Amino acid sequence: MSDIIVCVKQVPNTTNIKLDPVHHTLVREGVPAVMNPFDEVALHAALECKSRFGVRVGVLTMGPPQAEEMLLTCLGRGADDAFLLTDRRLAGSDTLATARALHAAIRSTSYRTVFCGQETADSSTGHLGPSLAEMFHVPQATSVTKILAMNDSRIQVQVELERTMQALEMQLPVVVSFAKENWKWDEGVRSPKAGRVQRMSLEDIGLTEDMVGLEGSPTTVVDIDIDMDSLNYLVVDSGLPAYERIGSVLRGGIQENKNRVIHNSLTEDALESLLTLLR
Amino acid sequence: MNPEVRSVPLDVRFDKLFSPFAIKDVLLRNRIVFLPHYTAMAHRTSLPSETEVHYYAERAKGGAGLIIAGNYAVSESGQMHATFVNASDPRVIPVFTKTTRRVHGHGARIFGQLTHAGPTKMEKPQPDLWAPSQVIEGSSGTHTMEVTPEEIRQIVSSFRISASHLRKSGFDGIEIKVGHDGILRAFLSPHYNKRTDSYGGSLENNARILVEVLTAVRAALAPRMVLGMRICMDEFEEDGYGLEYAVRVTKYIEELGLIDYVSVDAGTTWLSYILQIPPMGVPLGFAEYMSAELKREVKIPVIAFGRINDPVQAEQILQNDNADLIGMARQLICDPEMPAKSMRGDVDGIRKCIACEDGCCGQGVQFQPIRCIQNPAVGKEKDLGIGTLVPAREKKRIVIVGGGVAGMKAAEIAGKRGHSVLLFEKENTLGGQINLVKKVPFRNEFSEVTRFLEFQLKGLPNVMIRMNEEATAQTVLKEAPDAVIVATGSTRFVPAEFAHPRVFSSWEVLKGAAEIGRNVVIFDMLAKDEGIGVAEYVAEYYEGARIRFFTPASSPGADVHFLNQDILLRKLHAKNFCAYPLYELRRVTDTSIVFFHRYARSELVIEDGYDSLVIVGAMRSNDELYRQLTGKVAELHRVGDARAPRVVELAIRGAEELARSL
């Protein structure tokens, strides 16, 4: 039986996202943090596998020391092991460097099958699961909503696409990325004997400074702005002529706003590294 | 009087809406703001009237947190009309003082809005239109007067003087209008401001007069008083400014530390009038994005506006962090008790403003004190306002025939006064003609008029309703009533000379009882709401219909309030619609319809095939029952269209006045 490690992350709990205009990053100061909702689904699925198939479940996060609180919650919910990869030199890691660090961290444990949220509420790249699968050279599934069955060698997962649903069977170990679902933890349930959080540093996972952090990250965010779709009000495109602007108001506004675009560009370096990785 | 208090049936509590909020040192008990507007209640001498004292006090009594009174002109040149208060006259102080004391007595705070009308005047011919530059003012076609630096100094000084009068009258704050009309917005507007001196060109120059006004007014205020600004966020004119510019101006003014809050506003008095006082055709809460965008850019509190008439909607805007305060004008005109009712959970008991424009704007354009089609107490708060409905001394048995708005309103008021009421309705739904009106897209919210009344009647155990029963003289007399109110309405018909299988009355069309096809000719004798209303109905529900619209009037909907007419013409001309004004209908044959031009004295014959002719023509009161009962009952009254076919407002007003007298 393949034990499961769940990658989790703390994200800012707010709908009113603020951006740092100089560094093109999210302002996290003073914003309460919660577990990324996609990761909650992954953890829930892993704990179900624990009760149904008797596997062991670990949780892993890369983040600041205060992320320990989230890991303790995971242990309370029934996780067996918790790993906190925390090191100042990891700050500024892009998705490639993050995947590299998590890959190394998982390798230093006995876990091989990985569950993770398909994306994070604060960056939504969706890179992590596929990157880990490539690094481990194992099969992977994305947009998973449910684990159907599991035995010593194989796993069946349910995948929800836009209009269809698929059941996939894969050879273990695997990397599974979960789509978000609407459900809530029963907060009353707490494991009585929760374990300890094990801390890891860069040395513990056998990586060097140049492979992570800003230095190990080929991605440069050239610009960042708020996605209008995420706003809770309709917007009237201020670029339209007045008569059409009034028409737009009368129709209840439109979502598209020509003046605002998300710049999600990659530098050539980053593209090259990604291509090498995916070779 | 419907004392029943219900819990809110929705999973919504108005936590934010009814949480206190401080603008600087002025603490508001909740987030509901009565927005400033023209009431036309001032005396012709431009002094405030007692009517206005009661009008504002009523809104405070009903639970609003903040009243922003006005808009008050700062000088004679700054008045849009003589019925606007001129606050630079010290004689305003005694009445203003009464207003502020009454409002404070009811637990609300009160600010006063000051403005200089600039290029916007309501009189004809237009007097001097003070403006940054000489241009043509669009709505009147009149050339403006370019103000000199000396006149700018006069404007600034008149703001300061007026502000000192408001301070002496006990106002908690002052709002400077940079809104849909007035000279301060004109200076920001590329349409009006072509100056090359220090008052035009850059943002700093365009805003210079505003900065001078705010600085002068601040100096005239007591330290604890609030100073705010209401700004037009988008002129929606081809040569006007847009949202980004308004946000930049507001940030600039905020950074100078001149204002404590900002209130949003949109449109002008020209082509975008419909966004200034948005009619029913403009979606509820359409301007939320304006306050939301502004709120993300400034630190001072932001007041939202724009067809907000519901506590759930208001709470949502606050929860979404898209504003700090909720501005309403017409909702609190229509139901001053909306805040109190929301707070005690009586959400269904709120009489919602439907933005018909018929009562408030309809009177305003005639320089008459504003009214409300649903609330006859507007402008008569002392006699008809909160707490004036008293139990009848003698409890009577009253039979009302007809459950349209007039019959329902009479039943509501008579029932609340303790009379025993029996209401007959021959159809299986209450509401009468409203059931047709609400099918017209631009009038669809009229259903609220009967929803509110029906809900009131449900809460009155002494009001019995007999549905599906057409009352006759015998059935009425059998009830041995002390008083009978005939509210039997009216009928629209096709004049006999035009009767033809392919000719229908507008009512048959709205009832869905006519096979009108896709090639429709409409003849509107009256040029009121129903004519262009039925055109909109056909355009909306008969996909691809071709509509040829004939009317003897000079334009389609010539007698419809111009805000509604504007929105209708926008919509209709986006469809396959063609208007033929100044035509009379002559005759209808099997193969043709013959129209006659009133002035050209020539015929226009439609013989290229048509599916139907819809006539919006004469009506007739259903008054047979009234005639049959005359002399047979002690008290006999007729209300609504049974007297004469007229508008909803008069049906409601007449019914209320009658039922209060019984």
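How many aromatic pairs does the rule count over all chains? Welcome to this structure, which is a predicted model. The count of aromatic pairs over all chains comes to 22, and a few of these pairs are described below.

## Aromatic pairs in chain B

Let us begin with Tyr273(B) and Phe562(B), an edge-to-face pair with ring centres 5.0 Å apart and 65° between the planes. Is Phe562(B) buried, exposed or partly exposed? Its relative accessibility is 35%, so Phe562(B) counts as partly exposed.

A second pair to look for is Phe286(B) with Phe305(B). Their ring centres are 5.8 Å apart and their planes meet at 75°, which is why the pair is called edge-to-face. Phe286(B) lies in the loop between strand 12 and helix 8 of chain B, and Phe305(B) in the loop between strand 13 (302-304) and helix 9 (311-319) of chain B. The two are 19 residues apart, and this pair too is described as linking distant parts of the chain. Phe286(B) is buried, with a relative accessible area of 7%; Phe305(B) is buried as well, at 5%. Elsewhere in chain B, you can find one aromatic cluster made of Phe523(B), Phe550(B), Tyr580(B), Tyr583(B) and Phe595(B).

## Where chain B meets chain A

Next, follow the contact between the two chains. Chain B brings 25 residues to it and chain A brings 19 residues. Together the chains bury about 1800 Å² between them, and 56% of that area is on carbon and sulfur atoms. Within the area that chain B buries against chain A, Phe236(B), Tyr289(B) and Arg570(B) supply 31%, more than any other three residues.

How many salt bridges does the rule find across this interface? There is one. Arg245(A) forms a salt bridge with Asp234(B), and the closest N and O atoms are 2.6 Å apart. The rule also finds three residue pairs in polar contact across the interface. On the side of chain B that touches chain A, helix 8 (288-295) and helix 20 (562-573) each supply at least two residues. Helix 8 of chain B gives the largest share, four residues. By type, the residues on this side of chain B divide into 11 nonpolar, five polar and nine charged.

## A look at chain A

Chain A holds six helices and 13 strands. Of its 279 residues, 44% are buried. Taking contacts in chain A between residues at least 6 apart in sequence, 69% join residues at least 24 apart.

Leaving out residues up to four places away in sequence, Ser2(A) touches Val55(A), Thr113(A), Met150(A), Leu172(A) and Pro173(A). With one of these, Thr113(A), the side chain of Ser2(A) makes a polar contact of 2.8 Å.

## A buried asparagine in chain B

Now turn to Asn30(B), found in the loop between strand 2 (26-28) and strand 3 (32-34) of chain B. Asn30(B) is buried, with a relative accessible area of 2%. Its side chain reaches the backbone nitrogen of Ile32(B) at 3.0 Å. Beyond its neighbours within four places in sequence, Asn30(B) is in contact with residues including Leu17(B), Phe18(B), Gly63(B) and Leu325(B).

## Backbone details worth a look

Chain B has a cis peptide bond from Gly70(B) to Asn71(B), with omega near 20°; Asn71(B) lies in strand 4 (residues 66-73). Another cis peptide bond joins Lys124(B) and Pro125(B), with omega about -5°. Pro125(B) is in the loop between strand 5 (109-115) and strand 6 (130-131) of chain B.

Positive phi values in residues other than glycine are also present. His137(A) has phi near 55° and is found in the loop between helix 4 (128-136) and strand 9 (140-150) of chain A. At 61% relative accessible area, His137(A) is exposed. In chain B, Ala480(B) has a positive phi of about 50°, and its place is in the loop between helix 17 (473-478) and strand 18 (483-486). Ala480(B) counts as exposed, at 55% relative accessibility.

Technical notes
Residues numbered from 1 in each chain as written. Chains lettered and ligands numbered in written order. Predicted model: local features only at pLDDT ≥ 70, side-chain atom pairs only at ≥ 80, totals over all residues. Heavy atoms only, no water. Contact = heavy atoms within 4.5 Å. Polar contact = N/O pair within 3.5 Å; in protein donor to acceptor, adjacent residues only side chain to side chain. Buried area = accessible area lost by both parts, 1.4 Å probe. Salt bridge = Lys/Arg side-chain N within 4 Å of Asp/Glu carboxyl O. Nonpolar A, V, L, I, M, F, W, Y, C, P; charged D, E, K, R; others polar. Phe/Tyr/Trp six-rings, centres within 6.5 Å; stacked < 30°, edge-to-face > 60°. Buried < 20%, exposed > 50% of the residue type's maximum accessible area, 1.4 Å probe, protein only.
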